[in-house]
Each structure stands twice: as C-alpha cells, then as structure tokens.
Amino acid sequence: MTMLQIEDLHTYYGKIHAIKGVSLQVSEGQIVTLIGGNGAGKTTTLNTICGITPAQQGKIIFDGVDISKLPPHEVVMRGIVQSPEGRKIFTRLTVRENLEMGAFTRRDTPRIPVDLEYVFERFPRLKERAKQLGGTLSGGEQQMLAMGRALMARPRLLLLDEPSMGLAPLMVQEIFSVIDYLNKNNHTTILLVEQNASMALAIADQAYVLQSGYITHSGTGAALQQDPTVIAAYLGG
Amino acid sequence: MASAAQNPPSKGLIGGLMERFRNDPVQIVLYLCGGIVFAVMLLAIVSNLLSGQVTLEDIVQSMIFGLAQGSIYALIALGYTLVYGVLLMINFAHGEVFMAGAYIAFFAIYAMEQSGFLAQQPLLALLITIGVGMIASISIAVLLERIAYRPLRNAPRLVPLITAIGASIVIRELFIRLFGARPRTYPEVSLFAFPQFFRLECSVVDGVETCLGIDLIRGAYDITLLGMELRVRPVYFIVFILALILMAMLWFVVQRTKVGRAMRAVAEDKKTAALMGVNVDRVIVITFVLGAALAGAAAVLFALYNQRVMPEMGFTPGIKAFTAAVLGGIGNVPGAMAGGLLLGIIESVAPSMLGLPTQLEGVISFGVLVLILIFRPTGIFGEVLAKKRA
Ligand SMILES: Nc1ncnc2c1ncn2[C@@H]1O[C@H](COP(=O)(O)OP(=O)(O)OP(=O)(O)O)[C@@H](O)[C@H]1O
Ligand SMILES: [Mg+2]
C-alpha cells in the first residue's frame, strides 16, 4: 500500500530551482533509498516533505492527504520524522534530554521509557553519558545519539539524511543494522538518503537516483545495483 | 569548525591575557584603566570605613534595600535573557511590559481599596493585584510578539531591534494618552502577620491582650542586630523571598518540564526542534509569556514599596535590568538572577561606601557594567555561547 506519494515536486531557494519535478513513491513497510551526488537535491527533497522548505508546486500525499502546505510540527504529528543531515543533536541538552526530544509528539507515554531502555541497551555508550551535554560527545557518539533520537520518535515514516556520514566502517555497519531493526521490528517505513550507495542499495526495496533536481533512475535496489550507469556514477565501478 | 572554537586549549589566566593583549593592544589600556578604577574604589571604601564617614549600619541597611531592588532587576532581567536566548533579540520594550503590569494592577488595587475589600482581606487582595499585574504584562507581551516581532522573524537582526525601541515608545505614549502622564499612588496596605512571634500593635480588650504582629508591607522597625542599630522594612524581605520563589519556579519550568526542554531546544536550533515536532511559534510565545509574568509580578512588588506608578516608570528599571542581564551573561538564566541581585546591591551600597551622593547610582551601575565587561566580556556567567553566537 502506498504510504507516501510525491508528484511533480518543485522547490526553490529564492531564484535557485533545486527540485525540478520529482515524483516518487514509498510503500508501507519498505525501505526506500534516495541516492545522488553532492548538491543533487536529496536534503531539499526531505526538507520539502517536512515542510521546512515548502514546495512551490506539486503534491506530497501521505496516507491519502496532501501535506505539502503543512507547517513542520504538523507533519511530525502525522507520523513523519526526519533525522537531519549532520546529526543536529542539541548540544546544550543532555543526552537523555536529546532522546526525550525525539519522543516529543508521542502520546503513548508509558511506552517511552521502554524505548529509552532499548536505546541505552543498543548504544551503551549513550547510557554511560546520559547526563552529559550532547555537545560533549564525539562525532560518532553524536551520530548514535541522532539514531537513538530517531528510534525514540517511533514515526510511521522515518526520513534519514546520511546517517552514516563520517563514521568508521564498524559504526556504519551498526547504523545500517539499526535501520534494518527499525524497519523489521518497529515496522517503521524508511526513506533513506545516503552517500554510501552500495550499502543503501543493498538494504533498499526501492531506490531512486537524483541528479541536479531530477530523478534519473528508479527501480528495486537490486536492479539499480546492476545498472551500468548507476555503477559507473555511484558505485565506483 | 565549531569544535575548535568550543574547546580552546587552556593556557591559564596569564597566558590567556597575554594572548588577548597580543591580539588587541587596546586591551592593555582598558585593563589598566579598569585596574586603576578598581584600586581607587577600594581605597575610597577603606578610607571611608576607617574615618567613620560610613558606618556598618549604613551599609547593612542599604544592602537590605538593595536586595529588594536587585530582586526586581533580576525578575525583569530574566525576561530579557529568555527572549534573547530564544530569538537572539533584545526586547527593548520589556521595560514597558513591566510598567503595564504595575499600572494596570493599580486600577485593581484601587478598586479593591474603594470597596473596602483591601482592608478586609489584604492578603487575598494583594495576590489578586499581583495576578492582575501578571496578566496585564502577559497581554502586552503577547501582542508585542504577534504584531511587532513575529512578522520580522526572518529580517536582519537590526530590524527587530529598532522595532523594539519603537514599540517601547508606542506603548509608553499610549499609556500617557489613555491615562495621563502624572504619577498615581498605590493605596496604603497593611498586612499583619506572625502575632505569635512579634507582640506588636497590641490592644487589650476585656483584659485579654491581642496582637496584630508585624506589618509586612508598611511596617518599619528599629532593631538591634549584632550591636548594629537598624531600621528595617519587612517588605524588602518579602520582595526578596517572593522573587526567589518565582525564580525557582522558572528554573523548574525551564529545566524540568517538557515545555522548558522544548524552549531550550528552540533556543539552540529552531529547524531541528521543528523536525522533532515542536511548534516553534508557540514556544516563542510561551517564552514571552514567562518573561512577562515575572515582569508583571515584579512590577506589583516594586509598586508596593515604591508606591508611585506612571507610564514612564518602565524606562529606568528596564535599562538597569538589561544591564543586569548583560552583567550575568545575556541568554543565561542563572546569570540574569545573579546579575540582577548584584546590580541592586552594588547600586544601593556603593554610593555610601564610596562617599558619593545617591543620585549617582546610575553612573555607578553603568560604571560597574563597563568594568565587568572589560574583564569578562561575556558577563559573569557568560560562556563560549556568547562567543559562538556573536
Ligand atoms: N539554503 C539554501 N539556499 C540556497 N541554495 C541552497 C540552499 N540549500 C541548498 N541549496 C542548493 O540546492 C541544491 C540542492 O541542495 P541539497 O542540500 O538538497 O543537496 P544534497 O543532494 O543534499 O547534497 P549533499 O549530498 O551534498 O548533502 C544545491 O545546488 C544547493 O546549493
Ligand atoms: Mg544533503
């Protein structure tokens, strides 16, 4: 069943036309990935979905309702949460408070501590540093915190913007295993933006390639892994 | 890029100073001037104390008054600091928000005096007056945010600053046109308490002595403490204690509640806070409401011992409280509290200690600001934050 349907989306920064008619689909329960080079418009696409940089034209249909005109907090209320590029944890909130911010709009209060326990179990480093300010964590620990915060949100659709950026290979593995867990156990649908195209394609049900604001390729993750132009451009083949 | 600025290698005090001087030789002159002023002040204080020109009594007495005055500054300063923390903007109309609280509450307490309610139920009447003051200040602040500041949210930083100065003039003039410029006098209130401990205001009826106790608002009592003969007004302590309670409540809201957490998140990063589902506009309004509630309460407390209220009364406390907020490190909540109390005490104690006329209190408070900013440009509690944002 289609959960998110984007049709002919256009987004501008002043005069700069960043997204030039993007259409894509995310079905319930899937992991969909959006890959593309620097400046292709991946972050802009996610921010447009979230209402941060509203679309000039086009539709964003979530659960059958057009959400393209909603302010960001109402988008979250409907079940879409973004874990933004560059971690963006709150440096002056404690690790624990950062995690609690993830659960900001949740109404199932009794289950929040359960998820908190799970995050601490999954990332013991965060538990040790629960009372420390977010800004005192190392880059990798901050990325764990950002992942933990996304876990705490329990959204229906999670938008992840380059969650493995700047991490050591072992941590990259760990991040991808968390993504898989979120998808399989929490039944969270995921739209994943990644520079690490080979890992992203391996985990994805569906994939889209974005280039200068246009979708140039789309198909299953497996199909794009085989596509010669995709291999040449993004898989370093 | 931020990490390098956040963790400068510690070079120790002297090393840091040397580096500062090398980067900016003008600093040497500033430090010298600051040092000389400090030395002269110390000398004056010591000589005044030794020659008996000022007595310890004078100092303690002014200090008690300074505690009350400082509490008022601290409560107002919190409003500046909260709004600055969230919007990086100085709300120069905050002094008028304070004034509106005191002025509108006047009508409430006046009506209660006329109806006799004030005399019958002084405690309840005072609480109502404080409540009216808070609501008045909150209303003005919310309108201010909605009409004057929100449309300029994405404008360059200088624009809302100028708007704030304009708004401050508009509110003041509006009150003058509506209610006149002349001062109004708060009615006299007596609030007696603790008859068990203070056998004062006693009367004997049918051979039974009943006492009212001390008058917390109007009273002034001569006491001897540690050999000092002091004349003490309980109202100063009441103001101080109420201010402490209000500040503790604010601290709790900011540090321990979900709204407070959202406020701190918005202060740091509006976009990411919005991505977590925070309604940023609403949090900003709540910030104005909290600041205004404190200012409104402060305004009524101020009027209780100062008695005169008028549309222009907001200016001086507003500027002083702003000074206090900068003194403590703008954007920093404990800093505003400490800065306010410190400024209130210095301002009331310094003239007598230095042997200067009390009219010079303004010169002294701004002098202190300049001095402290020479040695600590980010304020007493100011941290890297101020540097990072500047
Ligand atoms: N705030 C902005 N103002 C103006 N132009 C912007 C802004 N943000 C992005 N752009 C432009 O929009 C285009 C798309 O940027 P976007 O951040 O979406 O790329 P991206 O695919 O996420 O790149 P990366 O992989 O480097 O993160 C780029 O050309 C960029 O320069
Ligand atoms: Mg990006």
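I began with one pair between the chains: A:E100 and B:R261 form a salt bridge, their closest N and O atoms being 3.3 Å apart. I counted a salt bridge where a side-chain nitrogen of Lys or Arg is within 4 Å of a carboxyl oxygen of Asp or Glu.

I note that the model is predicted, so that local features need pLDDT of at least 70 and side-chain atom pairs count only at pLDDT 80 or more, while totals for chains, interfaces and linings use all residues. Residues are numbered from 1 along each chain as its sequence is written, chains are lettered from A and ligands numbered from 1 in the order in which they are written, and side-chain values use heavy atoms, with hydrogens and water left out.

**Entry 1: chain A against chain B**

I looked up the extent of this interface. In chain A, 23 residues are in contact with 21 residues of chain B; contact means heavy atoms within 4.5 Å. The two chains bury about 2100 Å² between them, and 60% of this lies on carbon and sulfur atoms. Buried area here is the accessible area (1.4 Å probe) that two parts lose on being put together, summed over both. On the chain A side, A:F90, A:R92 and A:F104 lose the most area to chain B, together 32% of what that side buries.

I then turned to the polar pairs. The rule finds 2 salt bridges across the interface of chain A and chain B. It also finds 6 residue pairs in polar contact there, both residues at pLDDT 80 or more. A polar contact is a pair of N or O atoms within 3.5 Å; within protein, one must be able to donate a hydrogen and the other to accept it, and residues adjacent in sequence count only if both atoms are side-chain atoms.

I traced the chain A side to its elements: α2, β6 (80–83) and α3 (95–102) each give two or more residues. Helices (H or I, at least four residues) and strands (E, at least two) are DSSP runs, numbered from the N terminus. The largest share, 4 residues, comes from α3(A). By class, this side has 11 nonpolar, 7 polar and 5 charged residues. Nonpolar covers Ala, Val, Leu, Ile, Met, Phe, Trp, Tyr, Cys and Pro; charged covers Asp, Glu, Lys and Arg; the others, Gly among them, are polar.

**Entry 2: the two domains of chain A**

I recorded the division of chain A into domain 1 (1–79 + 158–237) and domain 2 (86–154); the bounds come from an automatic or database domain assignment. Their centres, taken over C-alpha atoms, are separated by 23 Å. Domain 1 brings 18 residues to the contact and domain 2 brings 14 residues. The area buried between these domains is about 1400 Å², with 67% from carbon and sulfur atoms. In domain 1, A:V178, A:Y181 and A:N186 lose the most area to domain 2, together 29% of what that side buries.

I found a count of 1 salt bridge between the domains. A:R122 forms a salt bridge with A:E174, with the closest N and O atoms 3.4 Å apart. On the domain 1 side, α2 (72–77), β7 (157–161) and α7 (169–185) each supply at least two residues, and α7(A) gives the largest share, 8 residues. That side divides into 13 nonpolar, 3 polar and 2 charged residues.

**Entry 3: pairs over the whole structure**

I searched all chains and found 22 salt bridges. In one of them, B:D281 and B:R153 meet at 2.7 Å, N to O.
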